[in-house]
Amino acid sequence: MKSPALQSLSMAGLQLMTPASSPMGPFFGLPWQQEAIHDNIYTPRKYQVELLEAALDHNTIVCLNTGSGKTFIAVLLTKELSYQIRGDFNKNGKRTVFLVNSANQVAQQVSAVRTHSDLKVGEYSSLEVTESWTKEKWSQEFSKHQVLVMTCHVALTVLRNEYLSLSNINLLVFDECHLAIQDHPYREIMKICEDYPSCPRILGLTASILNGKCDPAELEEKIQKLEKILKSNAETATDLVVLDRYTSQPCEIVVDCGPYTDKSGLYGRLLKELDEALAFLNDCNISVHSKERDSTLISKQILSDCRAVLVVLGPWCADKVAGMMVRELQKYIKHEQEELHRKFLLFTDTFLRKIHALCEEHFSPASLDLKFVTPKVIKLLEILRKYKPYERQQFESVEWYNNRNQDNYVSWSDSEDDDEDEEIEEKEKPETNFPSPFTNILCGIIFVERRYTAVVLNRLIKEAGKQDPELAYISSNFITGHGIGKNQPRNKQMEVEFRKQEEVLRKFRAHETNLLIATSIVEEGVDIPKCNLVVRFDLPTEYRSYVQSKGRARAPISNYIMLADTDKIKSFEEDLKTYKAIEKILRNKCSKSVDANETETEPIVDDDDVFPPYVLRPDENSPRVTINTAIGHINRYCARLPSDPFTHLAPKCKTWELPDHTFYSTLYLPINSPLRASIVGPPMSCARLAERVVALICCEKLHKIGELDDHLMPVGKETVKYEEELDLHDEEETSVPGRPGSTKRRQCYPKAIPECLRDSYPKPDQPCYLYVIGMVLTTPLPDELNFRRRKLYPPEDTTRCFGILTAKPIPQIPHFPVYTRSGEVTISIELKKSGFTLSLQMLELITRLHQYIFSHILRLEKPALEFKPTEADSAYCVLPLNVVDDSSTLDIDFKFMEDIEKSEARTGIPSTQYTKEMPFIFKLEDYQDAVIIPRYRNFDQPHRFYVADVYTDLTPLSKFPSPEYETFAEYYKTKYNLDLTNLNQPLLDVDHTSSRLNLLTPRHLNQKGKALPLSSAEKRKAKWESLQNKQILVPELCAIHPIPASLWRKAVCLPSILYRLHCLLTAEELRAQTATDAGVGVKSLPADFRHVFFQMVFFNMMCNLQAGNNYYCMNYESGNSCLTRGTSQCNTV
């Protein structure tokens, strides 16, 4: 008999709640939607923070799955308590001891501590080596090292011989602490601790109590025993038990798929054939020596996989997988040298071809025939149909899609712009880089057991989408592991496979694909979005598999569906009951867990009587905060505090019970809230009331200091323009803040200005400081990344460069890199001369040139900006330098500035006319370091090009790359009505001057420092090898810009250089102030400090800040404190 729930499910049909069918509307519960703001409980924090707090408070056993960061929590705790171990050991200093079970684990833990901290770590893995050490030798080790990582046997010897007293240990970490239940050195160490008056803090780490199938009663007993032995409380994480801290759990459904009835008899025939072939291979009596390979091993594996696909997916998929396996077998057969091995491979190849022939008798392999797939597949397609989205015309805007907010979302649309291709390709680009937003109501994973099942099921779904319009919205892919996330050596083939799998994950994270078919690799340890559909195609066989796959269904409206064969339903029901019981036990152990019923308590109706509300005005419609709404206000406020996508800001509330059985709470806001002090609430009758009342008091304080406005909402650091443009969202939804960095989260912050740059604009006849911006190409672009095979231009090859003129000295800062088309260029800021004066006329010329660089060359001047150099917060001049007056030193190049001002090509297009009588004369030297402007198009904002090459073998009479025109001369005559006066002049191969101004990351990496997909590089290389894709211009039709190409390339670096200069100067001021006020570090840096590698500390500190188009010249002012552009946030140090 089936259970009533399952019976009604299979009879009544599948009823799923999807975003499209939700009564809350189609935009509620999307996987990438901003997380809900809780109203009755405080926003939860990440599980590592919870477990760390528990470990700081009391002895703790951390129960987490492998790969969930147990060691990292131990390192965090070590760092939190590091103030106790930094002292001299001989002066009552303490030490942290990290215990592991075996010698090979020592190096792993040592590496983790060294990577994540600056502590000195000693490693002791061999008992044979350390057994002979004297007490003096051990004392030397304890003096040298602050963290001691040792095997349990070494530690037991040290403690028994009293080389190290427990009073000198501040923290004792037990890795794999479940071993203490058995007769193990861990248990002996704990016995020593029991007899000692002051036991150190204990942290146990374990995963194995959650592995495999386990009886709930046995699990509870095991945990209690372990707690008793280690004198600790067992804690697990909210993530592990899919509590996800008070948010709704997915709807769990077990679907009875029914039996498979194949009227054609093909299924039975194929199964019989495969069973007989496998029986034959098993019966082959071939002696195998230990060093030899089993000749039948590959054949057995392939036929077993084929049989598994047949049973799980049906004959259509078995036919597909047989074809795939034949192709793979050909590679094995080709390289196999052993005759016997080869014969078995040929046998398998022949057999798979027979499978294909049998299938061809019943159906055409070209199209999907659903009569030849299993009921599981039919049910899966039925489920996927229910996620069919609304049509596009039902909505007026896709803004909600463009602002999709979800923790793991990574935008790739602006990761790198191909500046040189930007204008050429503008018309060729498709409308969008993503599928329609309406394909993305689904974000799902299907879990399968075997690799081939994933591959073929993906193919089946793609075929179904071609035939069934209701499935056409699905964009699927598969992932099967191949060492993803594992630290293991890879050969070239594995590396290629690894990159493919990483690309699959990238597309799924970016919602370019909406369905992933995966093996257990994605159950844990891989960073993917919150899904609204998780399907277990094969039932979970253990609790860990169940909870990890279920944990992927974290969207607000999500379904966790388990597809079961009829004959397995009964046994799985028992397993599911066991999993639920285990989940309940672990939930009770969950750090800071609350009873689920408690989170759903009804609001207190007469809240005014319990505690008076905070009311702004005495009238009836005045905004007010009550104890029922206060927590929601606090959570909303914390969500609006500035943060990056990786920071999880949340309030922290602690509640204590008083002797008279009343409760009081203390509330702590995130560190970047202006309300720094903790808020203590009055005693209340229960813990929940105490938490609500302290939130109410906090709201009052926030309003009084101006952090909440007169509507009791967080004060508007946010722009609200998008709310006016958006009519899709109701008022409640738009009040939810967007993901940091998205268009919904544009914010203005006061920009930090280094003191040395304030009021530093040079004044006539007053002392000035001149600094040279040095540029040296230190790492040329490698050939494999130089897709166009262009010449590289080291900036140090030309003497003309840029300098900075200020009225104040600039402190020393480290050298830093920028990444140009030629490779990595190291930048230095060096003082050239000081104490000299300039006349008013000279300064006016310098100021005009400074404005010209930023407004005309870099085109950063915008309508909202006004050029007021003397009134800007940060003011200095950028000006050209060169070796002048036959000297060997750099100085201000006034003649060059005057020549620029006289040039007709300075701001527009010269009106030079050539005639037959006065034809154009080509001079090669004019074009060898030139920027040119076409004189016949784009008159409002002319295009500027570097001359990359002069084609002396081409003339205007040469064949045009496109068949539409015979020659270049014909093209210009036909399209622009231009006649050339010199038909023998060579042609110019040109590159766009760079529109990419953010040079803080290499061109082949995205903004997060990850390599761009290899395919894009290959496509670009193939594209630029064709003459058709090159820009070929005629010299006669172009004007030469007064700024040479060598200086223009340096000018393009200026926004990144000046942005980094501001960051480093602000960091240096903070460092110097810290050194002075706190006595940490040196007050004045040594002269050679910037040549030392620790300059990278500064680089890493700033690497997440963006530059480029968001950086505006420091001499432009606006009414706002700072400006933002596009979708990026303002940059702040």
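Modeller: Let's begin with what counts as a ring pair: rings of Phe, Tyr and Trp (for Trp, its six-membered ring) pair if their centres lie within 6.5 Å, and the pair is called stacked when the planes are under 30 degrees apart, edge-to-face when they are over 60, and tilted for the rest. Please keep in mind that this is a predicted model, in which local features need a pLDDT of at least 70 and side-chain atom pairs count only at pLDDT 80 or more, while totals for chains, interfaces and linings use all residues. Residues are numbered from 1 along each chain as its sequence is written, and side-chain values use heavy atoms, with hydrogens and water left out.

The structure holds 25 aromatic pairs. Take F174 and Y186: their ring centres are 5.1 Å apart and their planes stand at 90 degrees, so this pair is edge-to-face. F174 belongs to strand 5 and Y186 to helix 8, so the pair ties together parts that are twelve residues apart in sequence. (Helices, H or I over at least four residues, and strands, E over at least two, are DSSP runs numbered from the N terminus.) F174 is buried, with a relative accessible area of 0%; buried means under 20%, exposed means over 50%, and partly exposed is in between, using a 1.4 Å probe and protein chains only. Y186 is buried too, and its relative accessible area is 0%.

Now look at what is built around that pair. Strand 5 (residues 169–175), helix 8 (residues 185–194) and strand 6 form a right-handed β-α-β unit. Right-handed here means that, with the strands pointing away from the viewer, the path from the first strand over the helix to the second runs clockwise. Strands 5 and 6 run parallel and are joined by five bridges; two strands pair if DSSP finds at least two bridges between them. Within this pairing, V173 stands opposite L203 of strand 6. Strand 6 also pairs in the parallel sense with strand 1 (residues 60–63), over four bridges, and there I61 has G204 as its bridge partner. Strand 6 itself (residues 201–206) is mostly covered, with five of its six residues buried.

F960 and Y965 have ring centres 5.5 Å apart and planes at 85 degrees, and both residues are buried. They are part of a cluster: ring pairs link Y936, F960, Y965, F968, Y971, Y972 and Y976.

Rings can also have a charge over their face, which is counted here if NZ of Lys or CZ of Arg is within 6 Å of the ring centre and within 35 degrees of the ring normal. R1049 lies over the face of Y793, 3.6 Å from the ring centre. Likewise, R451 lies over the face of Y452, at 5.5 Å from the ring centre.

Let's step back to the whole protein. It has 34 helices and 31 strands, and buried residues make up 52% of its 1133 residues. Of the contacts (heavy atoms within 4.5 Å) with a separation of 6 or more, 78% are between residues 24 or more positions apart.

One last word on confidence. The average pLDDT, the predictor's confidence in each residue from 0 to 100, is 76 for the protein, and 75% of the residues score at least 70. Residues 392–439 have a pLDDT below 50, although this stretch has 115 contacts in the model beyond near neighbours in sequence. Residues 482–490 are also below 50, with 18 such contacts. Where pLDDT is low, the predicted coordinates should not be read in detail.
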